[in-house]
Amino acid sequence: MSRILLFGKCSYSIDKSASIDLENGHLALNRFITKPDPFIGNLELYENAAIAVKNTFFIHSGCDVMVFKNAKLNLGSGYINRYAKIRCYKEITIGHDVAISDNFTAWDSDAHTIIGKEESAVLPIRIGNKVWIGANVTVLKGVTIGDGAIIAAGSLVNRDVPPYCLAAGVPAKVIKEQVAWK
């Protein structure tokens, strides 16, 4: 039986037209890592928003997840450590067996538009399978991170990262190819 598990101080606001689809496993929100902590978690799903969970996915304490009107957050399996901030305006996909560290931020929108550039204000984010993302990483709209990639701590990812590459910096650049991690 699949379940949505809310831990500790976790608030949620889910529109009656929104949905959470658990295919095989659980979605755990605001889960503490080693012992209960005081950090508040938040989940907001707006009109016709959707979360699809393919397997078990953990988003640890202090999470702040917002899926806006008609947007979809796709989660494979793995975890995001403390203080994740996800703003899904269109579509964010996170693959299977991911390991994402503290203070992860993902925004698929600028949240505002530049006049004359409205079509580029919201672009989906895709994070592949077996991706490792270090602490304090921000992933911006329109980015695809390939399978097996590693993103170094403190990076700002504003362009695609090929599979099995190590990317680092602000903005993130590929610094090594053919990497693997366990």
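Does Phe68 count as buried or exposed, and at what relative accessibility? At 17% relative accessibility, Phe68 counts as buried (under 20% is buried, over 50% exposed, partly exposed in between; 1.4 Å probe, protein chains only).

The model is predicted: local features need pLDDT of at least 70, side-chain atom pairs count only at pLDDT 80 or more, and totals for chains, interfaces and linings use all residues. Residues are numbered from 1 along each chain as its sequence is written, and side-chain values use heavy atoms, without hydrogens and water.

The whole structure holds six aromatic pairs (ring centres of Phe, Tyr or the six-membered ring of Trp within 6.5 Å; planes under 30 degrees apart are stacked, over 60 edge-to-face, the rest tilted). In one of them, the ring centres of Phe7 and Phe32 lie 6.2 Å apart with planes at 85°, so this pair is edge-to-face. Phe7 sits in the loop between E1 and E2, and Phe32 in the loop between strand E4 (26–31) and strand E5 (41–45) (strands are DSSP runs of at least two residues, numbered from the N terminus). The pair therefore ties together parts 25 residues apart in sequence. Phe7 is partly exposed at 22%, and Phe32 is partly exposed at 29%.

Phe68 and Tyr89 form a stacked pair, 4.2 Å centre to centre and 20° between planes. Tyr89 is partly exposed, at 25% relative accessible area. Tyr46, Phe68, Tyr89 and Trp107 form one aromatic cluster.

Disulfides (cysteine sulfur atoms within 2.5 Å) number zero. For Cys88, the nearest cysteine sulfur, that of Cys63, is 15 Å away. Cys88 is buried, with a relative accessible area of 0%.

Methods
Helices (H or I, at least four residues) and strands (E, at least two) are DSSP runs, numbered from the N terminus.
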